[in-house]
Amino acid sequence: MDPVKIENVQLNTGAKMPLIGLGTWQSQKGQVGEIVQEALSVGYRHIDCAHIYGNEDEIGEALSATFTGDVVKRSDVFVTSKLWPTDFAPSDVEAACKLTLKNLQLAYVDLYLLHWPVQCKKEAPMPGQMTDDDIIGYSPELMAKTWQEMEKLQGQGLVKAIGVSNFTIRQLSTLLETATIVPAVQQVESHPHFQQNALKEFCASKGILFEAYSPLGAPARPARAMKAGSAVVLEDEVLMELGTKYGCSSAQVALAWAYAKKIVTIPKTVTSARLKQNLESASIKLDDDDVKRIDGVDKDSRLLFGGWAFKKGQTASDFWDGAGC
C-alpha cells in the first residue's frame, strides 16, 4: 500500500507543516525509535519531540537511519522540539537548543517552542517532583527575555520557526507586545471536549497556527493528571455513533474532525495498527453536518492542568486564566 499523503498548512514563515504528525510524549526508549522509523515508512512527515520527554537521542538514531536511506530526505520531514522551563534563562537557551540538535542528530529543527509559560530553576527535577521553590513562575519580563533568545536561534538558522505552547490569550497577547518575530505556532491541548475556540480565533487573528496536542483526550496521561469525573473523549456518544456510520473508530472520527477544520494534530502511539489508523483518518471525509455535530460536543473540559507548574496558592483557574477550568 502506498503511503498516505497528508495535507500541509502554511506557517507565517512560509514553511509547510503536515496536518497530522506523530507525538512522542510518554513514548519509552526501546519503543520510540522503532515507531518513528515505521511512521516515516508509512507516510508520516511530521515528528513532535521535546527535551523533557527524555527520548530525543533514540529519536535521533531513528531519524539518522531513515535519512541515510533513499526514501525519505531530511527536507521532507517537519521536526518540532521544545525548550524546557529549566533552560529559560537567556544564557541557557542556545546551549539547550544545541543539545536537542545533537540528540536528534540534526543541523536544525523546523519548529522550536517555549514548552510552558513558566520558568523553573536550572536544577529543578522532573514535573511531579518539583516543589514550590523550584518554580520561578510566569512573568511578562521573563518570557520577553527568553523569547528574544528564541528569535536569535531563528536568526542563526538553528531553528526554522519559533512558537509557544500552553500560553493563554493574555500571555500570548503580552508576548506580542515586545516580540520582533510573531510566534509561528501555539501548541495546546485541544480535542472535541476542549476545543479552545476563543484561543483558536485569537491565534488566527495574529497569524499564529493553532496546533492540538492530546487530540484524542490523552487517555494514557499520567495518574497525577487524572481528574475524577472527567468524561472520556473517545467514549463520547456522537463520536462513537459517527464511527459506526463511517466504519472507523471514535479516535479516527476525532482526528478526521480536526483534519477537516485544518487543525494540526500530533496523536501519540507506539503500536503499528494505531499508527496507521491515525494517519488514515485523513482519508475519512466527514459530512459538514457531522463536523457541526462534533463542534457541538465541546464541554470546555481541560484534561491536562499542568498542576506541577502552579505556584503555592495558585489555582487552575489562576494559571489558565479561567480557560477550561
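Before we go on, a word about the model: it is predicted, so local features need pLDDT of at least 70 and side-chain atom pairs count only at pLDDT 80 or more, while totals for chains, interfaces and linings use all residues. Residues are numbered from 1 along each chain as its sequence is written, and side-chain values use heavy atoms, with hydrogens and water left out.

**Around glutamine 171**

Glutamine 171 sits in helix 5 (residues 169-178); helices are DSSP runs of H or I with at least four residues, numbered from the N terminus. Leaving aside neighbours within four places in sequence, glutamine 171 is in contact with Pro117, Tyr138, Asn166 and Phe319, where contact means heavy atoms within 4.5 Å.

| Residue | Relative accessible area |
|---|---|
| Glutamine 171 | 4% |
| Cysteine 49 | 0% |
| Cysteine 203 | 0% |

The structure holds 0 disulfides (pairs of cysteine sulfur atoms within 2.5 Å).

**The cores**

The largest nonpolar core has 86 residues; such a core is a set of buried Ala, Val, Leu, Ile, Met, Phe, Trp, Tyr and Cys residues joined through side-chain atoms within 4.5 Å. Its residues with the most contacts inside it include Tyr112 and Met150. Helix 8 (residues 250-260) gives the largest share of this core, 8 residues. Another core lies apart from it, with 17 residues, among them Ile135 and Trp320.

**A look at helix 7**

In helix 7 (residues 237-246), the buried residues are Val238, Leu239, Leu242 and Gly243. They are on the same side of helix 7 because they cover an arc of only 140° around the axis, taken from the directions from the helix axis to the C-beta atoms. Their cover includes helix 8 and helix 10 (288-295), while the face turned away from the buried side carries the exposed residues Glu237 and Thr244. At the N-terminal end, aspartate 236 caps helix 7, with a side-chain oxygen 2.9 Å from the backbone nitrogen of valine 238. Just after helix 7, glycine 247 takes a positive phi of about 70°.

Technical notes: Helix = DSSP H or I, 4+ residues; strand = E, 2+ residues; numbered from the N terminus. Buried < 20%, exposed > 50% of the residue type's maximum accessible area, 1.4 Å probe, protein only. Polar contact = N/O pair within 3.5 Å; in protein donor to acceptor, adjacent residues only side chain to side chain.
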